[in-house]
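Trainee: I have a new structure open and would like to learn how to read it. Could you take me through some features one at a time?

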Amino acid sequence: MAVTKILARKGRLDAGINYILNGDKTEERVLTARLNCDPGRECRQMLDTKRAYEKMDGVMYYHVIQSFKPGEITPELALEIAQKFAQEHLPGYEAVIAVHVDRQHIHAHIIFNSVNADTGEKYHSNARSYYSQIRATSDRLCREHGLSVIIEGQPSQAVSYIEWLRQSKGQPTFRTMLEADLHTAIEGANDLGHFFLLMEHMGYEIYHSNRLGFRLRGQERFMYPGRKNPLFTEEGIRAAIQGNLEAIEAGLRPPAVRRPAYRPYKKHPKYTGLLALYVHYLYVLGKVGQQRYPPRMTAHTRDEAMKFEQYRAQFAFLRENNISTQDDMTAFQSRTEKTMASLTKQRTILNVRKKKRRPLYDALADVEALAPAKQCYEDGLSGMEAEFTRYMDAVATLERCGIPRERLMAEKADIYQQLAEVNRQIRAEKKKLALCREICARLPQMEQEINQIEAKEVIRDDDRRR
């Protein structure tokens, strides 16, 4: 499955190209490709096209992003799909393609000139072209390669990619937690004013307008659940509360909803120290997602529940590396820093070797990239003089070095492969250090949050017993 979006950009063209060609994100530019432009000359050729047609104003380029479902695709296949998409959807446009692997989900970037090099026409993007061309082409290519696609539903049922991803994994979202709280408040309310009071006690701010809006204190935006579900409009809520009262009067339901009694958390017998703290915190966040414990949580706790998978990954990291105390953490960080220093030194040596061979490697790239231009020049096509001269200079450079081209090509591939592997290892070590810093920063807040929740639950349990 690929979620696609297109962005119109009026900023600097070179900045956009450099961003998507970042070597740290593309395995040292191995996962890159071009359409109708040459490596290293992409920005210049796009600007030349704009000047030739006198269209230097307005949108400078468009940026298409294809985000694929985690674990469903390889970087190589993502690059292949992005290339086919560009070839089908962007004939005549100069485009740069790159696949980023620096995040959990693989995503492809396509930056293309807003001016068509063949016709001089400017590209225009709107909702209709997105669904009928970009989305349709992307979905068809995904189906052809055995990937899942998002089934089109009614616009009112549309959700963001992140929300869809969390729902597909059975994880809570702010929307699902809000809807659960709305159901709880409706069940316990005597009238609409009582309903609003209950929602405020749960930590929500309420926006009264054409639609009812709700947000947890601390959130930036209001959510409007009535857009998707008529039950959560003011009329729907009032009717639901009235229906509850009628059912109570008829004896069809109890006047009060029975809630499970509070049960103190039991410490895990296997884990101690940091691991025990994480087990307890994951327990709390898991109950938040299930809307059972604690019955009323702070806005901060709800935000933390959205990071449940992140905390579970941190717990797995601690367990795999046998880190249970602060001393263990310090020792692990020290070892990781030494490993990263060794890898950085190894990368420096490889970069020095690559720098010494840079003229030869550039010549190899020119010979391969400019072979079609050389053929056009020999066939008598005008305008290829500069490319032909550059091609002949590259051939002369390779002949003077005295190294067989096949051996030089193998050496280049080997150095680039080693660099890619070393960079991958360095990124992995950096992630470990970042995870250690994140864990250390979160520990005090986790302990404080657990203590606050436990204290509130003890007080409420005592009140229920009286």
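Trainee: Let me start with asparagine 36: where is asparagine 36 found?

Mentor: Look in the loop between β2 and α2 (42-52), which is where asparagine 36 sits. Please keep in mind that this is a predicted model.

Trainee: What is phi of asparagine 36 near?

Mentor: The general idea comes first: most residues other than glycine have a negative phi. Here, phi of asparagine 36 is near 65°, a positive value in a residue other than glycine. With a relative accessible area of 46%, asparagine 36 is partly exposed.

Glutamate 28 also has a positive phi, near 55°, and is not a glycine either. Its place is the loop between α1 (13-20) and β2.

Trainee: How is a pair of aromatic rings described?

Mentor: Such a pair is described by the distance of the centres and the angle of the planes. In this structure, a search of the whole model finds 15 aromatic pairs. One of them joins tyrosine 93 and phenylalanine 112, with 5.7 Å centre to centre and 75° between the planes, an edge-to-face arrangement.

Trainee: Which parts does the pair of tyrosine 93 and phenylalanine 112 tie together?

Mentor: Tyrosine 93 lies in the loop between α3 and β4 (95-100), while phenylalanine 112 lies in strand β5 (residues 107-113), so the pair ties together parts that are 19 residues apart in sequence. Tyrosine 93 counts as buried at 9% relative accessibility, and phenylalanine 112 counts as buried at 0%. Ring pairs also link Tyr93 and Phe112 with Tyr62 and Tyr123 into a cluster.

For another case, take tyrosine 281 and tyrosine 311: this aromatic pair is edge-to-face, with 5.3 Å centre to centre and 80° between the planes. Tyrosine 281 belongs to helix α9 (residues 273-290) and tyrosine 311 to helix α11 (residues 308-320), so the pair ties together parts that are 30 residues apart in sequence.

Trainee: Are tyrosine 281 and tyrosine 311 buried or exposed?

Mentor: Both tyrosine 281 and tyrosine 311 are buried.

Trainee: Which residues does histidine 183 touch, not counting residues up to four places away in sequence?

Mentor: On that count, histidine 183 touches Leu231 and Phe232. Histidine 183 itself lies in helix α6 (residues 174-188). Along the chain, histidine 183 and phenylalanine 232 are 49 residues apart, yet their C-alpha atoms are separated by 9.0 Å. Histidine 183 is partly exposed, at a relative accessible area of 38%.

Trainee: Now for pockets: what volume does the largest pocket have?

Mentor: Its volume is about 1100 Å³. The lining consists of 34 residues, and Arg29, Thr32, Arg34, Lys412 and Tyr416 lie nearest the centre. Elements giving two or more residues to that lining are β2 (32-35), α3 (75-89), α13 (358-369) and α16 (405-465). Sorted by class, the lining has 16 charged, 14 nonpolar and 4 polar residues.

Trainee: Finally, how should predicted coordinates be read where pLDDT is low?

Mentor: Where pLDDT is low, the coordinates should not be read in detail. The protein chain here averages a pLDDT of 82, and 84% of the residues score at least 70. Over residues 151-158 the pLDDT is below 50, and this stretch has 5 contacts in the model beyond near neighbours in sequence. Residues 291-295 also have a pLDDT below 50, with 18 contacts beyond near neighbours in sequence.

Terms used:
Residues numbered from 1 in each chain as written. Predicted model: local features only at pLDDT ≥ 70, side-chain atom pairs only at ≥ 80, totals over all residues. Heavy atoms only, no water. pLDDT = per-residue confidence, 0-100. Contact = heavy atoms within 4.5 Å. 1 Å grid on protein atoms, 1.4 Å probe; cavity = no way out; pocket = protein on both sides within 12 Å on 5 of 7 lines; lining within 4 Å. Points joined across faces, edges and corners; volume = space filled by probe spheres on them. Helix = DSSP H or I, 4+ residues; strand = E, 2+ residues; numbered from the N terminus. Nonpolar A, V, L, I, M, F, W, Y, C, P; charged D, E, K, R; others polar. Phe/Tyr/Trp six-rings, centres within 6.5 Å; stacked < 30°, edge-to-face > 60°. Buried < 20%, exposed > 50% of the residue type's maximum accessible area, 1.4 Å probe, protein only.
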